[in-house]
Amino acid sequence: MGIFRKRSTKFVWLAMLFAVAVAPVIIMGCGEETSSSNVFTYAESSDPASLDPAQVDEVVAINIARYLFDGLVGYDTETSEVVPAVAESWESNSDATEFTFHLRKGVRFSNGSEVKAGDFVYAWSRALAPDTMSSTAYAILQPVMGATDLADGKTDKLTGVEAADDYTLKVTLEFPMADFVSLLGHPVAAPVPKDEVENAQFRFAEHPVGNGPFILTEWKHDDQVVLEKNPDYYGQDASIDQAVARIIPNPATAVAELKAGNVDAVRTIPAGQTEALRNDTSVKFFQGPANAVRFLAFDVTKPPFDNQKVREAFAWDMDSIKIADKVLQGQEYPADGIVPTSIPGHQADVMPYSFDPEQTAKRLEEAGFPGGAGLPPMTLYYPGVGPAADTAQAIQSDLKKSGIQVEITGMDEGAFRDQMLSGGMSLFLISWQADAPSIDSFLFPLFESSNIGATDVFQYANPEVDELLGKARSAPDVNQRTGFYNEAERKILADMPMVPITFGQDAMVYSPRVTNFVHTSLGDIALDKITVSQT
Amino acid sequence: MPTTRFIFYRLLQMLLVLFGTVTVLFFVIYLLVPGDAAQAALGNHATPEALENLRRELGLDRPVWVQYGIYLQHLAQFDLGTSQELQRGVGGIILEYLPATIYLTLAALTLETLFGVGWGMLMALRRWPRLEALSSVTSALLLALPVFFLGMLLQYVFASRLGILPISGTGGWNPLNLVLPAITLAAAQTAIIAAVTQSSLSQEMDKPYILAARARGLTRAQAMLKHGLRNVSGPVVTILAIDLGTLLGGAMITEIVFSWPGMGRMVYNAALFRDVPLVIGTVLVLVIIFVVINTIVDILYGWLDPRVRAGEQANG
C-alpha cells in the first residue's frame, strides 16, 4: 500500500496549498460593497504620522485634525478671515498684550465632557512642553508669555494663559501682537481633554477625542482613516455622514480609483498630467490659491550677494511668468509680492522689477561684472525634486543667457535644511508655507532681524523693517496694522534679500458626484461643507 | 545527536547574522542618511535650547559608538526601541504591518509554485515546438517587465477597463483585492521557477529510474509526477525560500502601486525620515524570519529528497 499512502500525502500537500490560495476567495469573495451613499471618500498620498492636534504638521494630518478639533477661532473658507469658534467673542487691551476670550457654553468633547477654559490652558501648556515633540506649537504660541521658557524646558508651566473662570480665558503676551488671534485657528491651539490624553490605554495620537464636526472612528495605517459626523456638534452640522481618507501613495492609481468611482476626490495630481486632467470631461478639475510662496534667496552677507546690484541683476532675470505657465504647467502662478493673494491684507503688484535681461546687463555692469565677467563660481541649491528642480533649471538657463554661470544642486530636504540653517549656502531656492493665514507669518519670521540663525535665512537686518514690523504687531486697528505690514513688504522688496517667483496653488480632481466641492484657502478640503449627490 | 548540533550551529549562525545586520545598518544609516532627527521633530522654529534638550534626551549628542552600545543593550533585552517619527514602539508598528505583508507574500508564493511548477512540468512533458516558442517569449516578457509597469498594466486592463477586479487597497481584506498585487509580485519569479523546473525535470526524465517506471507501465506524465518531481524539488524549494525573503522585505513598489499597507512602504518612509530604530527593527525582524525559514527549508530538503537523507546518514 506504500504507493497509495505516498500519493495521498502529496495530495494532501497540494490540497492545503490550494486551500491557502483559493478558499478565502470563495468564503469571503462576496465582498461588502455596502457603503452608504452619503459618504465622501478622498485619496491622500501618505498616512498621517499623528492625529494629535499638538503634533500635526503636514497637509494630510492637518486636514483631518482641523475637523476633529475646534479651537477658539476658525477661518472663513474663502477669505481666511478669523471667525468665532469655541470663543464667541474676545477683546484685547489697548497695547495688544492681553487678550480675553469668552467661551461658548455647551461645547462638548465627543466623550461628553464640556470644553472649558482650563482645557485650553492644559492643551497649550502640553503642546509647548518638550515631551510632546511638537514642531508647530512654538511657531504658533511663541507670543504667549512664558512659551520660550516652557519649550526650552526651564519651567513646566505656561505663565501667560489662565482660566479666569470656566468660560473666560485670559492670555498675556510676551510682546504686543494685535494679530495674535489669527494664529489660533491652527489645530495646535485647540483644546484637548486631559483625562483622554493621559489615558494610558489609548495613545491620543491614534485615538484623538475632540470637539469638532467629525469623530475619528477607524484608522488603519497606510490604508484608510474614517471620520463620522459628530451628532453633538455645537455648530453647523456637516452635510456628509462620513468622510474616508484612503491612503493611495501612487497618484496615477488614485486617479484610476477616481475614474472607477471608488474615490470622490484626489489631492495629488500625477506629475505631468495637469493639462490632461484639466481637459478631461469625465472628472472635475479644481485649482485654488495656497498660502505658499517660492523664492530665490540670497545670503546678503556673502559676496557677491552682499552687493545690492548683483541681487538686482538676478531679480531682473527671473521670468516668473514663463516658470509658472510653461515650466510648472500652471501648477503655480507668478508672484506679485512676498505675501500670497490668499492672505487677508495682501497688496497687489508690489514687485519693483519684472523680467528684463537688459536691466540685468545694466546692473551687472554697475556692479563691476560686465556681462557676468569676474563673478565667482556660484551654486544654486534646492530641496527635493519636482517643481523645485524644474524651477532651478529654468533659472539656471535664463541666467546663463545673461552671462551668469551657476551650478545647480538638488538636495534631500533634511540635508538642505541642515545646510541652510548652518549658513552653508548663499544662493538657494525655497518655498515658504505659513502655519496661519496672517501677513505676519510671512514677514516677521523671515525678515525680522531677531530671527537670524533660524528662519531669517538671508541674514537680513534692516532696522527700519524691524521697526515697521514691531509697529504692525502692536497696532490694534486692522487698517493701520495692514498699512505697516505693506510698507515693510515694500521696503524688503527694495532691499531684495530674496526674489519671489511663484505663489503656490492647490490642484485637485474630483468626481461629478460631488455637488459642492469646497476647498479652503488654507489648502484643506472642507469636509464640513462639502456635499455629495446621494444616488 | 547530529540534529541538535545542526540546530545549535544554526542558532549561532543566526545570531552572527543578526549582529552583523545591526552593526552595518546602524552605521550606514548614521553616516549616510542626512538630516537630524531632533530638528525634524521640532521644526524650523525650534529654539537652539529646545533642540539641545531633545538631542540629549534622544542620546543624539553622544558619540556614535556610545549610541550603538546603548542600542545593542536594549536589543539584548528584546526592546526594539521607539520610532522617532511615529513616537510609538517599533515592535507594535511591525506587528501592525506584518499581516498585510505575510498575506501578500503567501499569495504570491502560492501563485509562483502552482503556475511555475505547472508550467515547467508541461514544458518538460514532451517537446511542443510552438508552445516552446510561446513559452520563451512569455518568460522573457515576465522577466523584463518592470514591476511598476506590469502592476499598472494589470490595473488598467482588469480593473479600469474590464472592471472585474478592484484597483487598489485591501477592501477590508477582500481576497479579490489580493489578486492583482499577488500576480504582479509573482510574475517574474514564476518564469524563473518554470525554467528551473523544466530544465531539471528534462534531465531527470532521461534517467534510468524513470525508464524503469515507464517499463512498469506508468505513462510519462505519471512517472514524472510520481518519481521525477520529487527529485527536482530541491532547486525549486531553494528558489522559493530565497523568494520569501525578498518578497517580505522588497514588495515596496507593488505595495505603492496597489496601495497595499505592507512593510515595504513602511520601512521606505522610515528611511526617508531617518528613523533609525524603525528601519533597523524592521530589517531585524525580516532577517529573523528569513533565517528561520531557511533553517526549516534545510530540514525540508531531507524530507523531500531521500537522497539528501541517505547522504547525511552515510556521512554521519
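A salt bridge is a side-chain nitrogen of Lys or Arg within 4 Å of a carboxyl oxygen of Asp or Glu. Keep that in mind for this tour.

Before you click, note that this is a predicted model, where local features need pLDDT of at least 70, side-chain atom pairs count only at pLDDT 80 or more, and totals for chains, interfaces and linings use all residues. Residues are numbered from 1 along each chain as its sequence is written, chains are lettered from A and ligands numbered from 1 in the order in which they are written, and side-chain values use heavy atoms, with hydrogens and water left out.

**Stop 1: two domains of chain A**

Select residues 1-45 and 248-535 of chain A for domain 1, then 55-209 for domain 2; such bounds come from an automatic or database domain assignment. The C-alpha centres of these two domains of chain A are 27 Å apart. Contact (heavy atoms within 4.5 Å) joins 27 residues of domain 1 of chain A to 27 residues of domain 2 of chain A.

Together, domain 1 and domain 2 of chain A bury about 2,200 Å², 56% of it on carbon and sulfur atoms. Buried area is the accessible area (1.4 Å probe) that two parts lose on being put together, summed over both. Now highlight A:Asp435, A:Arg473 and A:Asp524: they supply 26% of the area that domain 1 of chain A buries against domain 2 of chain A, more than any other three residues.

**Stop 2: a salt bridge to zoom in on**

The interface of domain 1 and domain 2 of chain A has two salt bridges. Show the side chains of A:Arg481 and A:Asp179, which form a salt bridge with their closest N and O atoms 3.6 Å apart.

**Stop 3: where chain B touches chain A**

Next, show both chains. Here 47 residues of chain B are in contact with 53 residues of chain A, and the two chains bury about 4,400 Å² between them, 57% of it on carbon and sulfur atoms.

How many salt bridges cross the interface of chain B and chain A? There are three. Select A:Glu206 and B:Arg88 to find a salt bridge whose closest N and O atoms are 3.5 Å apart.
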